[in-house]
Amino acid sequence: SLKVHRATGRALRFYQREGFEIVTAGVGRNGEYVRLEKMLTPTRVVAIHQPNYFPWAGYFYKMAHCDTFLFLDDAQFSKHSYINRTRIKSPTGVRWLTVPVNGSTRQTIAQTRLTRGNWRSKHLKTLQGAYAKAPHFKRVFPWVADLLDRTQAEQLAELNMTIITAVAHQLGVTTSFRCSSDWASAATGTPAMAAMSLRLTA
């Protein structure tokens, strides 16, 4: 903070242009004075993550503590990852819920298409068998079933982002969402993410 004695209007305008604001004013032994504080520019937090299929609780904790959440949907698709599958706990042990997809690891998540089939009903049946006796099941399960039923996406990224944003809304998360595929960039990896973060915080 700064304590300025006998500050003129011109001096005050100078300090205000430099980001200071008057917090107190008074009269001391040396006459009138004003106390100024440097006002910090609010920091915008950007979180970046691949759009996973029904991600874990920590994913939403990360989302709730940022201003903008960037879906890294133009990252390379990886088989046997959490991008098209999730793990749940069942009475018989760990179970995997896997979304069948077409394509290879040479394509991006946004380019990865879903295969046709009844995987949605299989996932719901597995969830029902695992959590039918869990607290709040009767309230939550119909919502999950309706979400999967009306999410008729053809691409994996669209499916996952629809699910994630719906869950975030239910949790009261007010973060804004963006997709990395919205920006065409020759950079990849960390440089690309840094460039996107700078654009979102500018």
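Reader: Which residues in H2 meet which residues in H5?

Author: This is a predicted model. In it, Tyr 59, Phe 60 and Met 63 of H2 meet Ile 164, Val 167 and Ala 168 of H5. By class, this contact has 6 nonpolar residues, with no polar and no charged ones.

Reader: What makes H2 and H5 roughly perpendicular to each other?

Author: Helix H2, residues 57-64, packs against H5 at an angle of about 70 degrees, and the axes are 11 Å apart. Angles from 65 to 115 degrees count as roughly perpendicular. The angle of about 70 degrees falls in that range, so H2 and H5 are called roughly perpendicular. Their crossing is right-handed.

Reader: Why are H4 and H5 called roughly antiparallel?

Author: H4 covers residues 137-150 and H5 covers residues 156-170; they pack at an angle of about 150 degrees, with axes 11 Å apart. An angle over 145 degrees counts as roughly antiparallel. About 150 degrees is over that cut-off, and therefore the term applies to H4 and H5.

Reader: Which residues of H4 and H5 meet?

Author: From H4 there are Trp 143, Leu 147 and Leu 148, and from H5 there are Ile 163, Ala 166, Val 167 and Gln 170. The contact of H4 with H5 has 6 nonpolar residues, 1 polar residue and no charged residues.

Reader: How do you know that Thr 175 is buried?

Author: Thr 175 has a relative accessible area of 9%. Buried means under 20%. Since 9% is under 20%, Thr 175 is buried. Thr 175 sits in the loop between H5 and strand S10.

Reader: Which backbone oxygen does the side chain of Thr 175 reach at 2.7 Å?

Author: That of Met 63. The side chain of Thr 175 also reaches the backbone oxygen of Cys 66, at 3.3 Å. Polar contacts are counted within 3.5 Å. Beyond four places in sequence, the residues that Thr 175 touches include Asp 67, Thr 68 and Phe 69.

Reader: Why does Asp 74 count as partly exposed?

Author: The relative accessibility of Asp 74 is 33%. Partly exposed lies between the buried cut-off of 20% and the exposed cut-off of 50%. Asp 74, at 33%, falls between them and so counts as partly exposed. Asp 74 lies in the loop between strands S5 and S6.

Reader: What makes a polar contact with the side chain of Asp 74?

Author: The side chain of Ser 180, at 2.6 Å. This value is within 3.5 Å, the cut-off for a polar contact.

Terms used: Residues numbered from 1 in each chain as written. Predicted model: local features only at pLDDT ≥ 70, side-chain atom pairs only at ≥ 80, totals over all residues. Heavy atoms only, no water. Axes fitted to C-alpha atoms, helices over the stretch in contact; angles between N-to-C directions. Helix = DSSP H or I, 4+ residues; strand = E, 2+ residues; numbered from the N terminus. Parallel < 35°, antiparallel > 145°, perpendicular 65-115°, else oblique. Contact = heavy atoms within 4.5 Å. Nonpolar A, V, L, I, M, F, W, Y, C, P; charged D, E, K, R; others polar. Buried < 20%, exposed > 50% of the residue type's maximum accessible area, 1.4 Å probe, protein only. Polar contact = N/O pair within 3.5 Å; in protein donor to acceptor, adjacent residues only side chain to side chain. Left-handed = near helix turned anticlockwise from the far one by under 90°.
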